Protein chains: 2
Amino acid sequence: MKVSKFGGTSVASAEQFKKVAQIIKDDPERKVVIVSAPGKRFSGDTKTTDLLIEFGEKILRNENVENELLEIINRYDNIATELGINNGVIAEITANLHALRELDRSNNQRVMDRIKASGEDNNAELFAAYMNHLEIEASYVNPQEAGIVVSDEPGNAQVLPETFENLKKLKLRSGVLIIPGFFGYSPDGELVTFSRGGSDITGSIVAAGVGATLYENFTDVDSVFSANPAVVENPRAIEELTYKEMRELSYAGFSVFHDEALIPAFRAEIPVCIKNTNNPSARGTFVVLERNYEKNPIVGIASDSGFCSIHVSKYLMNREVGFGRRLLQILEDEGLSYEHMPSGIDETSVILRERQFNNNDTETRVMERIRSELQVDSVTIKRNQAMIMVVGEGMTHQVGISAKATAAFARADVNIEMINQGSSEVSMMFAVQENDAAEAVRSLYKEYYGENVETDGLIQEVLEIK
Amino acid sequence: MKVSKFGGTSVASAEQFKKVAQIIKDDPERKVVIVSAPGKRFSGDTKTTDLLIEFGEKILRNENVENELLEIINRYDNIATELGINNGVIAEITANLHALRELDRSNNQRVMDRIKASGEDNNAELFAAYMNHLEIEASYVNPQEAGIVVSDEPGNAQVLPETFENLKKLKLRSGVLIIPGFFGYSPDGELVTFSRGGSDITGSIVAAGVGATLYENFTDVDSVFSANPAVVENPRAIEELTYKEMRELSYAGFSVFHDEALIPAFRAEIPVCIKNTNNPSARGTFVVLERNYEKNPIVGIASDSGFCSIHVSKYLMNREVGFGRRLLQILEDEGLSYEHMPSGIDETSVILRERQFNNNDTETRVMERIRSELQVDSVTIKRNQAMIMVVGEGMTHQVGISAKATAAFARADVNIEMINQGSSEVSMMFAVQENDAAEAVRSLYKEYYGENVETDGLIQEVLEIK
């Protein structure tokens with residue numbers, strides 16, 4: 001049994017609905033389908049979820065929402081009309097949407113969760129109606145009926161353990177089950193949404209619950225690439241990568257996946273496949289527990305910007321018991337989370353996401369607290385840093401892998417501000433100035449994948465001389 | 001005004017006394033001399049301080065100490081006789097040593113401090129007598145008279161701030177002042193010693209107090225070397241290095257200096273010179289605040305063994321606020337100090353000195369606490385690690401420096417377990433298996449200093465291709 005999740009662009013139009021139906025028909029193992037809200041049909045289009053958010057905000061401000069309502073209904077109506085569905089589903093969706101105007105408004109977050117979730121919910125209803133229209137046995141299954149029980153944190157629901165037991169009963173049902181993504185129900189029966197992109201989470205939870213042989217995540221790309229195509233021309237497709245590698249790539253700006261979404265599938269050891277709705281015969285990218293590392297020690301090169309580093313120096317810091325712990329305590333007190341804390345003998349740096357300092361007061365206060373409470377010799381902050389990650393599980397134990405990486409930086413004439421290697425068995429991490437990042441990624445890509453890189457032999461020669 | 005400290009081997013015999021006297025005569029700026037206890041005269045000889053420790057321990061056990069007393073007196077007497085000094089100083093030293101048997105024994109540490117300190121104290125008296133014998137104006141100055149006031153921590157005295165003000169009056173005195181190293185007096189007038197090797201500390205304090213133009217530290221080597229001569233054949237001498245560089249080298253096993261000793265001189269910005277009593281015309285090694293980094297970006301390569309690393313992995317660790325702080329708190333609770341804490345996305349390592357785990361219970365308890373309190377997916381410990389430090393202030397901002405280092409490891413076929421670069425502006429740090437350390441140091445030395453290293457051009461070529 002496969003669980004197949006279709007993202008927003010995959011279910012944005014009648015044409016896309018047809019492709020999805022065909023994909024389901026092509027493989028009888030595809031028994032559970034998770035549906036997103038209709039996404040963009042073309043560049044510049046508005047996602048249904050964004051229409052719904054605007055609609056919800058206007059309702060909360062008691063403004064007129066006739067236009068928004070009409071626009072949203074139209075999204076579904078256009079699909080239904082084009083597909084020739086006339087079994088009453090549009091009347092039902094229209095009623096659902098009108099009812100949203102009458103919600104109890106004592107809790108704004110609750111209202112927004114109900115409104116946002118309707119995007120997926122109505123689309124699942126519509127898709128089930130289409131399947132029936134095609135005379136395929138299929139039924140809409142509400143997450144409450146499916147048994148998806150979550151914590152009562154509007155917009156950030158966490159799955160509760162009983163869910164996985166509940167979901168098992170889905171295996172007994174016949175036909176294709178169509179479940180809307182993005183939300184569950186609290187133990188008190190309140191609808192609560194996951195964080196944004198949460199249809200991936202629903203898919204992963206359901207795949208774990210039914211013990212799927214595969215969790216298919218249909219998007220609009222053939223595969224995950226080994227580097228950002230906006231930086232590297234025609235980067236290689238990744239055929240297979242591990243959960244850990246996926247997580248490291250997601251961290252460093254690969255946005256194919258809502259990376260937290262992978263946890264339930266990972267814990268249940270369900271393989272995940274990322275496939276293209278528009279080209280379903282393409283093999284896609286598999287996320288697995290283990291892979292053959294020898295063939296491709298390096299799976300991808302990613303970079304993300306928006307980091308800063310606080311550098312603290314104090315003579316004999318090294319002898320001071322508790323220094324590092326107290327430094328982290330100050331950050332924690334100030335509500336800041338840190339990414340890394342590399343240290344020298346009498347020096348320590350802390351790397352943070354820069355956006356946490358958008359409030360200038362925080363920065364000033366943190367710097368002042370470090371200065372006075374830790375009695376440091378100096379504390380400085382360096383802005384506009386980028387992190388580059390070379391990702392590949394097991395690679396850190398191969399002699400020469402870091403020599404190749406550092407040579408690539410040197411060749412690109414990029415100064416490495418920081419290297420963090422060996423703490424992770426999955427990646428090497430380099431900090432550089434933001435405006436050097438693209439050049440460095442291209443040079444690394446060339447080093448590890450370039451077929452005609454004229455310098456590769458040289459490095460080889462260097463490594464062979466012992 | 002220069003402050004000149006002479007280490008144990010420099011003042012171990014009549015022959016050495018002559019050299020020291022000549023050194024002082026050669027430069028009228030050498031107005032303050034710090035004297036150690038007589039050290040080894042030949043390989044296999046026993047240092048006076050070690051004789052005194054045995055003597056002290058026997059006294060505390062109420063054992064007979066006649067032989068030890070005689071042996072200690074002989075050390076001074078032999079010097080005096082050979083130098084032809086007969087102005088009563090040996091009678092005085094003999095009386096001093098006999099008096100040590102009659103000390104109040106209510107506090108063992110106090111007794112040991114008094115006995116150990118006599119090694120330097122009597123030698124300073126003897127050297128002052130010798131200077132007078134040579135008709136050079138010189139006087140013995142007791143640390144109490146000099147104004148060296150310290151905390152009352154036997155064997156680990158810390159200098160108190162009033163000392164520096166007190167010492168200023170020494171500048172008004174004429175002739176050469178001979179001060180015994182290694183001890184001061186508490187505000188209550190009790191003699192207290194510094195930690196072992198503390199004559200360096202006395203020298204540094206006095207240099208800071210009198211505002212010396214130079215603090216000369218006379219030893220038995222021409223200079224500090226850029227690598228351990230036991231590992232690298234004929235390593236280069238270091239002409240000049242900064243305080244920070246000296247500290248990093250000391251950390252990683254360069255034992256020329258008692259590195260805490262440098263603090264007072266460093267804070268007062270007094271340059272330090274390490275010179276050879278047996279070859280005073282050699283330029284020596286200067287420890288300075290700043291140097292010309294372009295000439296020698298890398299000042300030295302050091303390694304130290306006896307480290308271990310605890311590796312912790314937990315899926316989504318990165319999202320968990322306070323994880324790193326709580327990990328360090330556990331170590332602190334257990335009385336462990338850590339060296340570094342490099343981290344990946346979902347993984348963190350902590351590097352510690354292995355000797356802290358000699359008690360197996362501590363290791364078991366720490367691992368168990370990490371497992372249960374932090375709910376980690378896995379925690380493992382890796383033993384027998386060595387740290388290799390490539391030291392050179394400012395070097396981390398030069399493109400290609402790390403490429404050279406990593407290529408050197410690859411060439412030596414040594415796997416780098418961890419790289420920590422950029423957190424310190426003074427060094428790059430590499431963790432390797434202990435038994436790979438020597439080979440790696442040799443390869444790094446060849447890379448940075450080797451005149452006839454056949455691969456240097458290759459690396460150069462690699463770096464030049466952009």
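**Notes on the predicted model**

1. Helix α9 (residues 243-251) of chain A is largely enclosed by the rest of the structure, because eight of its nine residues are buried. The buried residues of α9(A) are Tyr243(A), Glu245(A), Met246(A), Arg247(A), Glu248(A), Leu249(A), Ser250(A) and Tyr251(A). This is a predicted model, and the points below should be read with that in mind.

2. Helix α2 (residues 48-60) and helix α5 (residues 108-133) of chain A have axes that come within 9 Å and cross at roughly 150°. Angles over 145 degrees count as roughly antiparallel, so α2(A) is roughly antiparallel to α5(A). The crossing of these two helices is right-handed. On the α2(A) side, the contact is made by Thr49(A), Leu52(A), Ile53(A), Phe55(A), Gly56(A), Glu57(A), Ile59(A) and Leu60(A). On the α5(A) side, the residues are Asn108(A), Val111(A), Met112(A), Ile115(A), Lys116(A), Ser118(A), Gly119(A) and Glu120(A). By class, the contact of α2(A) with α5(A) has eight nonpolar, five polar and three charged residues.

3. The domain assignment divides chain A into domain 1 (2-220) and domain 2 (300-464). The C-alpha centres of domain 1 and domain 2 of chain A are 41 Å apart.

4. Asn384(A) is not a glycine, yet has a positive phi of about 55°. Asn384(A) lies in strand β16 (residues 378-391) of chain A. With a relative accessible area of 39%, Asn384(A) is partly exposed.

5. In chain B, Glu135(B) also is not a glycine and has a positive phi, of about 65°. Glu135(B) sits in the loop between α5 (108-133) and β3 (138-140) of chain B. Its relative accessibility is 74%, so Glu135(B) counts as exposed.

Note on methods:
Residues are numbered from 1 along each chain as its sequence is written. Chains are lettered from A and ligands numbered from 1 in the order in which they are written. This is a predicted model: local features need pLDDT of at least 70, side-chain atom pairs count only at pLDDT 80 or more; totals for chains, interfaces and linings use all residues. Side-chain values use heavy atoms; hydrogens and water are left out. Buried means under 20% relative accessible area, exposed over 50%, partly exposed in between (1.4 Å probe, protein chains only). Helices (H or I, at least four residues) and strands (E, at least two) are DSSP runs, numbered from the N terminus. Axes are lines fitted to C-alpha atoms, for helices over the stretch in contact, and angles run from 0 to 180 degrees between N-to-C directions. Angles under 35 degrees count as roughly parallel, over 145 as roughly antiparallel, 65 to 115 as roughly perpendicular and the rest as oblique. A crossing is left-handed if the near helix is turned anticlockwise from the far one by less than a right angle, and right-handed if clockwise. Contact means heavy atoms within 4.5 Å. Ala, Val, Leu, Ile, Met, Phe, Trp, Tyr, Cys and Pro count as nonpolar, Asp, Glu, Lys and Arg as charged, and the others, Gly among them, as polar. Domain bounds come from an automatic or database domain assignment.
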